[in-house]
Amino acid sequence: MAEDGEEKLLATVQHIVKTLGRTDTMTEDILKVFSNYDGRLSLDKLYATRAAAAAAAVAAAGAGGAGEHSMPASPPMPAPPAVPSAAAAIPAVTSLERTVRTLDRQISQFVTMERLIWADSADADAFLEAVDDLIGTVQELDAAGTNRGLLDRADELLSRCMARLEDEFRALIERPDDVAPVAPGGFESDESEEEDYDADDGYGDEPIPIAKPVSDFDVVIDALPPGSVSDVHHIGRRMVDAGFGRECAEAYAVARRGFIDESVARLGIRSRTVDEVHSLPWEELEFDIARWIPAFKMVFRILIPSERRLCDRVFDGLAPYGDLAFVAAVRTQALQLISFGDAVSAASRAPERLFRVIDMYEAVRDLLPDLDPVFSDPYSAALRAEVSAVCNTLGSSIKGIFMELENLIRRDPARVSVPGGGIHPITRYVMNYLRAACGSRQTLEEVMEGDLGGVGGAAIAVDPDRPTSSLAVHIAWIMDVLHKNLETKSKIYRDPPLASIFLMNNGKYIIHKVNGSELGILLGDEWMKQMMSRVRRWSLEYQRGAWAKVMSVLQTGGPGIGSLPAKALLQKLRMFNGYLEEICAIQSEWVITDEQLREDVRAAITDSVKSAYTGLIARLKSSPEAAQDLFIKHTPEDVEVQIQHLFEGVSK
């Protein structure tokens, strides 16, 4: 009974198809409607029934023609779908057309959704399955090459799929509940730093909180949870399979770029043009450099390697699109940081900038070896080259700044003398500068040797017991320029002994700064011996120039023939008193800054003057003619005391 009902149902369907199905396409659509309506009306049954009816009609016609009362035979139904083959091209295209229509209905339901497809995992799976079927169908149509119109229709449907997949792809990456845009250091608000940014500083109406300093760079940022990574990977694979790999890479870059931009902004970095960098006052530029150094380390040691790791996971097995996506995502901020380094390198080479530029150079140099695995592909190799290039330009800048010190010394005018023959400011500046600079001796060795092409490889070996030629020769040259400059300045003093005091003070200060430091190693023992010999020579020149007339007055000759008369001896005593008082009045305002040198000079003067004066007093006391008029104003002990008060720089 059930079979009779099913047969009647199939017969009814045949009649409807016969009546309405005026073309093969209309017949096919009607059959599909009935097959979706009732499970008993499967396409296989409908095609089989239709074929049986057609066969019966043909057999009846062959047996005796159409009788007067016979019913006309129903037109044959379309053949059931067939697997496409080269031998049956037309049936294959017809079958693919039905497939495209079915996929169109299925996919249209998804691409028109207002909510995210991936909000429901079942929908996501169904959509991906339909996309896979569509990609396969397009490939079959393209291989067959017999129905260009159907291929264009399938391509248009595929483009719609890819556009929706791209939207889903970006949404999964940018979704706030899944993304973790907090880099090490916390990126927490720092009120003291927020004050530096207001509404017109280029970041919008709300100030961006500044990240706290980071000291541990052995960190990886997992910007997406594993589930989201898997989802975007599945989407990416379909887009690549469909020939939309570049669009997928660009979608990734756009989605990730916002996170990277915000991360760099929170590091306190603001974009500046080359002209802005060059026109900034040094105090402001130094502040920017102080922020750039930790930001550069953060970006190239944590942010970019983490982005590389995420790209490798999202585009696993989809080369080269992961490399393209990675470069597109990080390039802008990487180049912004690099361009700042280039701008600083090309800015003023004033000597005071050396130490900050050294800090920048060392920050870049030290991370170069770690960049090799990050920028290993051909697409990002250019970025690696840019980082290496900025390292070279910073190194060249260091060399230029260091050499500019020579010009600074030469240009320092010899106009005003230092009171009391003290240490000249240029001497203090140069020696403290060199001593501080040699704290970065390793770096200076690199740049002075000109081995900037090998930066990032093995460090230049520094022998602690002997100088490296380029840096040592250059520092020795600077010292020679300083020596000549000081000699020129000494000529300002009208009193030659005071000029000797000036040279002696500055020479001793130089020795003090060189001794026990890296400068001593670089300049060597021979240079030190020569400098100490100069100081001794200046000391002797001072003693001869300042005390020559005193020592001349104290010469009394020997007893007996040729000895001076008592009157002459008394005259010498009076002259000595005047000379001594004059010298002490003048030289009490002079200064010898080094305590040991001051004591040595005093002792040398005391030894020569006191002994000669004591001899004069003894001669006068032994002369009966001079004894009656003898008045000793200064005892030998008084003379010693007065000499001990010299060189304190106090006006009396």
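# Salt bridges, a helix and a cavity

The scale is simple: buried means under 20% relative accessible area, exposed over 50%, and partly exposed in between, using a 1.4 Å probe and protein chains only. The model you are looking at is predicted, so local features need pLDDT of at least 70 and side-chain atom pairs count only at pLDDT 80 or more, while totals for chains, interfaces and linings use all residues. Residues are numbered from 1 along each chain as its sequence is written, and side-chain values use heavy atoms, with hydrogens and water left out.

What does Arg301 meet in a salt bridge? Its partner is Asp370, at 2.8 Å from N to O. Here Arg301 belongs to helix 11 and Asp370 to helix 13 (residues 354–371), so their pairing ties together parts that are 69 residues apart in sequence. Helices here are DSSP runs (H or I, at least four residues), numbered from the N terminus. Asp370 is also partly exposed, with a relative accessible area of 43%.

Side chains of opposite charge can pair when their charged atoms come close. The rule used here asks for a side-chain nitrogen of Lys or Arg within 4 Å of a carboxyl oxygen of Asp or Glu, and the count by this rule comes to 34 salt bridges.

Another of these pairs is Lys489 with Asp412, whose closest N and O atoms are 2.9 Å apart. This pair links distant parts of the chain, 77 residues apart: Lys489 sits in helix 17 (residues 469–490), and Asp412 in the loop between helix 14 (381–411) and helix 15 (425–437). Is Lys489 buried or exposed? At 2% relative accessibility, Lys489 counts as buried, whereas Asp412, at 23%, counts as partly exposed.

Now look within a single helix. Arg537 and Glu541 form a salt bridge with their closest N and O atoms 3.5 Å apart. Both lie in helix 19 (residues 518–553), four residues apart, about one turn of the helix. Arg537 is partly exposed at 39%, and so is Glu541 at 31%. Elsewhere, Arg308, Asp312, Asp323 and Asp377 are linked in a network of salt bridges.

Next, follow the chain to Phe502 in helix 18 (residues 496–514). At 1% relative accessibility, Phe502 counts as buried. Its C-alpha atom is separated by 9.2 Å from that of Trp590, 88 residues apart along the chain.

Helix 21 (residues 595–622) has 28 residues and reaches 40 Å from its first C-alpha to its last, close to the 40 Å expected at 1.5 Å a residue. The expected span is 1.5 Å times one less than the number of residues. Asp594 caps the N-terminal end of helix 21, with a side-chain oxygen 3.3 Å from the backbone nitrogen of Gln596.

A search of the whole structure finds three cavities of 30 Å³ or more. A cavity is a set of points, on a 1 Å grid over the protein atoms alone, where a 1.4 Å probe fits but cannot get out, and lining residues have an atom within 4 Å of a point. The largest cavity has a volume of about 40 Å³, the volume being the space filled by probe spheres set on the points. Which residues line the largest cavity? They are Ile221, Ala223, Arg256, Phe259, Ser306, Glu307 and Leu310. Helix 9 (245–266) and helix 11 (282–314) are the elements that give two or more residues to this lining, and the largest share, three residues, comes from helix 11.

Note on methods: 1 Å grid on protein atoms, 1.4 Å probe; cavity = no way out; pocket = protein on both sides within 12 Å on 5 of 7 lines; lining within 4 Å. Polar contact = N/O pair within 3.5 Å; in protein donor to acceptor, adjacent residues only side chain to side chain.
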